Amino acid sequence: MGREPNYLELSLFSVMWSEHCGYKNSRPLLRRFPNEGARVLQGPGENAGVVEVGDGWALAFKMESHNHPSAVEPYEGAATGVGGIIRDILAMGARPVALLDSLRFGPLEEERNRYLFREVVRGIGGYGNAVGVPTVGGEVEFSPAYSGNPLVNAMCVGLIRVNDLMRSRATGVGNAVVLLGSKTGRDGIHGATFASDELTEESESKRSNVQVGDPFAEKMLIECCLELLRQDLLVSLQDLGAAGITSSASEMAASGGVGIDIEVEKVPRRETGMEPWEVMISESQERMLTVVEPEKVDEALALAKKYGIGGTVVGSVAGHGDLRVVEDGEVAGTVSAEHLADAPVYEREVVRPAYLDEVQKFNVAEIPEPEDYNEVLLKMLSHPNLRSRRSIYRQYDHEVGTSTVVAPGADAAVMRIKGTKRGFAVTTDGRGRHCYLDPRGGGAATVAEAYRNLSCVGAEPVAVTDCLNFGSPEKPDGYYQLAECVEGMAQACEALGTPVVSGNVSLFNETDRGPIYPTPTVGMVGVFEDVGWHATSAFKREGDMVVVFDGKIGPRDDSLLAGSEYLEIVHGRVAGAPPKPDLAAEKRASDLVREMIRSGLIDTAHDLSGGGKLVALAEMAMDGGIGLRYDETEVEAMRKYGHRLEILLGEKGAGFLIAFPEDRWNEVQEVLGGFAYDSIGYTGGDRFRIGDLVDLSLDELRDAYDQDLFGIPGEAVGGSEAVG
Amino acid sequence: MKIRVLVRPKEGILDPQGEAVRGALPALGFGGVKTVHIGRLIEMEVESADEVDAMCRRLLSNPTIEEYEWEVVS
Amino acid sequence: MGGGLVRIGVTIFPGSNCDRDALYAVGRMGAEPVELWHAEADLKRVDAVIVPGGFSYGDYLRPGAIARFAAVMGPLEGFAAEGGPVIGVCNGFQVLCEAHLLPGALLQNTHMRFVCDRVRVRVEATNTPWTAGCEGGEELTLPVAHNEGNFFADAETLARLEDEDRVVLRYLENPNGSANDIAGVCNEGRNVVGIMPHPERVSDPALGSEEGLKILRSVLVGAGV
């Protein structure tokens, strides 16, 4: 910039060039992601991605991490994560209609992890329930890799008319810059840089960094902004997130090719004695920045007043191309908006880490055949990674808005679009253990799992948002994991035709105990032409045939247990090279199951995921309250193959379980031609039977599966004991 | 002047928050805790204390379930 | 009623979040939805009023405590005093208790968690405008979603509510610790009803159930439609 920056200017660069805002380490890698597709109206670069649904409707969606704030102050960290992602969607002009949360914690045996888990869930509910956006889905996993460094990724989906899409681009020299919402305090000063640091004992005490959320203020902000848009009073709209006014104003200016003057003394404050730099980078919540034509300012401010929120002209659009901070008529700092929004980039060498050879060592022959499959199944179902999520989503209002067609607990949430037959489905998925054992395969499998989840409720997958949660990219292992996971995800997104339209990066997720598993999480959105044709995993009728199929023809794979839930839960091992995802097979199988649902052939489908066929079948039986009789000859055949453990508990992907009335069997066989499939039995009764291997009542399954996740392990009935 | 209002659950009203804390304290090694009640502390600056009682009755507490007391702090 | 559709008002406080759902359900009932903004002391000639769920003023002090003083509440109290049908749902129930239009108060759920679920309730009294379309003793499955749904009243009030047949809905599985499993009550005049379950959330076959319309449409029975 041709001179030494002053303190204010340095502060602006310091927050804007942090990883959280500037993507210094990840930007070159992110270029690998495909961003375009027939339905994509807005790819990365705006507050959220947008895809077209049909009938003039579009969906805006994005996922964002709030890991570090949640590690320090879990309730407010999670709550403000939800609040922040809602504002990203609102900034596109969309009404937020669905929330999801992808969560990771350390094992519940540790008191600190139980506290983080409980408070994060309370924070999500506390904010989401009050703000009136239903929390319709998400996922949670537990592993020592996340002890002390939980992952809290919040996703929001908004609904908007295609013609009403809003952009954050500032235009019109002389237009007013209006700040809406809450007053500005010292909240989260340097939160953006904080979000990109490793967690240490010291950061645990940096509580002043964490913002406090006010869902009531957010609710009014939402209604006010939507009304301002309806009345066509805004030129542009932008949320205030990390790095506060600095980030919002410079991004608005840079994308519009203009400058912005902020008259910093006009910003309404909650605290006295704030310095200009503090006002500029404060991360006080529930604020939005807008550009308004001068003749519409009075009307806009009157609406803010009607909704009981603050509205203040704090600056104007200027022709100079800078973000200029003016205090009482004097220029306190000037930086080029484009320069500020364009952080430098580091590219690093990708070197395969030595740990991979070590952890991938795994010989299936070391794993003995279980003596008692009943015990194995109950142990799996009661483990926190597979147990029912009901005790979580019961704390979330998942029905407000009266559009939730399929409630949480399913493979994907299904939402309708009122006034049309259309709907959409949404899921979040992450596979940290898999990515740790095989970053590229795990990255691809993460995307494939989301694709399967949407397909088996009957939705056509359209596009992806992601959160890249990783350790330090400054360490070779960390950078390798990041680069390889991104490569795997990119390949899967290309193969499956689901471009990445928005996302966020959270690096330096490390504690004294080491880095987290590399855990890219994916939020995928799919659409329905007619949401009436959807499926769920619950068995629907007695006497239905149950069939398993996968998209791959060939001999069964011996590596199915590598990296499986079974191996970790029952044998305490995280090892092996999981099967490489076969993306063509994934697509073929998913596309087929979706077509079967759309044509009305089946209404019951579930994908094969953690815990394999055994756990998936138990879930279908419990969800429907109808038992299962597994075909004796199938069990005999398994015995002959000599690897029934892999058949029942292996995890490969590209597989589905479906159920349908027996009189459709001929039609089903016809469409399954070319796939490997087995008819494995019939629904009915109140027992879950697999030959002489498993024989349990549905109540016994439920006693294991339905346990409260918020109890203390060991004190609960049948709680998970240490595994041998 | 500065007023401090204390609002708490009336005697006999179930106080699950208080109960939870009462249960948690012994678990942390604090013995001899017989009862815990959780209420609300409200601090106000007012020009006169004349109407504080009415404020307490009409808005700051719900007489069906809560009792209050207030004092002039300064 | 002037020959046209029955006009049903839905109050909108700044933090109401079931207002749009209630307006939508009014349309499903076959009545005309009318928005009643909290800052306007005007009931716009409606025939009945729904006070919807949400967090009227953030619920930071006590749920419903501040809403009671909103401008719209003046005419609403007058409307109720004259026998106009009013139903408070969830936060609306809390508002009506705070406004002394209904007895008792709603405490935090005994398990101290927000609860969003479907629960079975029994219709205990059909002689109110909001249950007239139900069968006495009829069992309904309705959604609940609240943190403060634990109905409390002193022993004397509870006894009077039971004696006077003013418990309108009762939980078959109590989700919040509510006294006598009470899910809904009415005032002495029986025209003001408060219930914790959300009938507007089950008023559309697309969401799997229309059982809530039995409650909401009751008011049309009373209106002679």
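This is a predicted model: local features need pLDDT of at least 70, side-chain atom pairs count only at pLDDT 80 or more; totals for chains, interfaces and linings use all residues.
Residues are numbered from 1 along each chain as its sequence is written, while chains are lettered from A and ligands numbered from 1 in the order in which they are written.

**Confidence**

The predictor assigns the complex an ipTM of 0.96 and a pTM of 0.94. Per residue, its confidence is given as pLDDT, on a scale from 0 to 100. Chain A averages a pLDDT of 91, with 94% of the residues at 70 or above. For chain C the mean pLDDT is 94, and 97% of its residues reach 70 or more.

**Contacts between chains**

Two residues are in contact if their C-beta atoms, placed from the backbone, lie within 7 Å. Two pairs of chains are in contact, and chains A and C share the most contacts. Chain A contributes 20 residues and chain C contributes 22 residues to their contact. On the chain A side, helix H6 (111–131) and helix H9 (215–230) each supply at least two residues. That side has seven nonpolar, eight polar and five charged residues. In these classes, Ala, Val, Leu, Ile, Met, Phe, Trp, Tyr, Cys and Pro count as nonpolar, Asp, Glu, Lys and Arg as charged, and the others, Gly among them, as polar.

The contact between chains C and B takes ten residues from chain C and nine residues from chain B. The chain C side divides into five nonpolar, three polar and two charged residues. Chains A and B do not touch, and their nearest C-alpha atoms are 12 Å apart.

Helices (H or I, at least four residues) and strands (E, at least two) are DSSP runs, numbered from the N terminus. Axes are lines fitted to C-alpha atoms, for helices over the stretch in contact, and angles run from 0 to 180 degrees between N-to-C directions.

| Helix pair | Angle | Axis distance |
|---|---|---|
| H18(A) and H19(A) | about 40 degrees | 6 Å apart |
| H6(A) and H9(A) | roughly 35 degrees | within 8 Å |

H18(A) and H19(A) are therefore oblique to each other; angles under 35 degrees count as roughly parallel, over 145 as roughly antiparallel, 65 to 115 as roughly perpendicular and the rest as oblique. Among the residues of H18(A) in this contact are A:Pro439, A:Gly442 and A:Tyr451, and those of H19(A) include A:Tyr480, A:Met489 and A:Leu496. The contact has twelve nonpolar, seven polar and three charged residues.

H6(A) and H9(A) meet through A:Tyr127, A:Ala130 and A:Val131 of H6(A) and A:Pro215, A:Phe216, A:Glu218 and A:Lys219 of H9(A). By class, five of these residues are nonpolar, none polar and two charged.

**Sheet in chain B**

In chain B, three strands form an open antiparallel sheet in the order S2-S1-S3. Two strands pair if DSSP finds at least two bridges between them. S2 (40–45) and S3 (66–72) are the edge strands, each with a single partner, so one side of each has no neighbour in the sheet. The twist from one strand to the next averages 20 degrees. Strand S1 (residues 2–9) pairs with S3(B) over seven bridges, and B:Ile3 stands opposite B:Val72 in S3(B).

Methods
pLDDT is the predictor's confidence in each residue, from 0 to 100.
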